[in-house]
Amino acid sequence: MSTTTHTRPSPAAPWRSAFESHMSEMPSPEFVFASLHSSPDSKTPTPYVPRLRFCIYRGMWSQLPENKHNDAPKNPRVYDSDLPTFTTDVRMQKVGELFESSAGKASKNEQVQGSGGGGPCEAVFWIKEKGMQWRMKGTAFIVAPDIEGPEESSGVRTVKSEVGARMRVVEGGEEKEGEWSWGRELTGHFGNCSPGMRGSWRNPPPGTPVKGEPDKDHQLGQKVTDLHDPIARSNFRVVVIKPDEVEATDISNPETARRRKYTFVADAQDGKGEWTEEELWP
């Protein structure tokens, strides 16, 4: 358990209820996630270029979605947050991008294997049936197997500080704070994935050339049932989005279309704060 100080019971973000309602109505909660990649052209005046891909929303951090097929031990109901999550592979470029574009600017492969990151990002959700677009701007952090261990790296401390600042203790959760585990939450996310999805973390390295047959430990189409499979777990990561600005654009009715902009105003001392709301033309 981290020694990070979390906020006391407080209400959820004003956009949270509508957002989660829309996510629950999507056949598959897909969204576009954008990060920054170092420009391949050293002569360009712009040091970074955007990179986008589709991802699957996996619920809010510390609020693991119920899954009857998940046998992983669950954390007690202690925290709530407004921090969307998705899963990824450490070998994917987005992980390195979130480290390299962060304040720490880690760029070497060995520097991006653990928890950390914090680079800028955007996420866009389009709910076609509702005529609704959700757009989030903020930073994203990587939760890796080293999130709990005998020693805390600077990356682990960054994640627990930045993410922890937005984790609220739920009513009645104070008595169980010592029972809540970052590592257990990470394993819970792995367990919420299907055996086939877990097997994807044993695929050949993404984006590398196809040259002959991959080794026996890195094959396509594997199914993993072991929650602690060493190869799959070494590549598995949870990404936590920390939004600072959320826009909800409703164009379901052209005559009443509106955009609502929510901005998180943080306290300079501890990172805590509150959301403001503004109504805009779409």
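Is E245 buried or exposed, and what is its relative accessibility? At 17% relative accessibility, E245 counts as buried, where buried means under 20% relative accessible area, exposed over 50% and partly exposed in between, computed with a 1.4 Å probe on protein chains only. The structure is a predicted model, in which local features need pLDDT of at least 70 and side-chain atom pairs count only at pLDDT 80 or more, while totals for chains, interfaces and linings use all residues. Residues are numbered from 1 along each chain as its sequence is written, and side-chain values use heavy atoms, with hydrogens and water left out.

**View 1. The salt bridge between E245 and K261.** The closest N and O atoms of E245 and K261 are 3.9 Å apart, a salt bridge being a side-chain nitrogen of Lys or Arg within 4 Å of a carboxyl oxygen of Asp or Glu. This pair links distant parts of the chain, with E245 in strand β8 (residues 236-250) and K261 in strand β9 (residues 258-266), 16 residues apart. K261 is partly exposed, its relative accessible area being 24%.

View 2. From C-alpha to C-alpha, T276 and T263 are 5.2 Å apart in space, although 13 residues separate them in sequence.

**View 3. The salt bridge between E97 and R53.** The side chains of E97 and R53 meet at 3.1 Å, N to O. Because E97 lies in helix α2 and R53 in strand β2, the pair ties together parts that are 44 residues apart in sequence. E97 is buried at 2% relative accessibility, and R53 is buried as well, with a relative accessible area of 19%.

**View 4. Positive phi at S62 and K105.** Most residues other than glycine have a negative phi. S62, in the loop between β2 (48-56) and β3 (79-80), has a phi near 75°, and this residue is buried, with a relative accessible area of 8%. K105, placed in the loop between α2 (93-100) and β5 (116-127), has a positive phi of about 50°, and at 52% relative accessibility K105 counts as exposed.

Conventions: Helix = DSSP H or I, 4+ residues; strand = E, 2+ residues; numbered from the N terminus.
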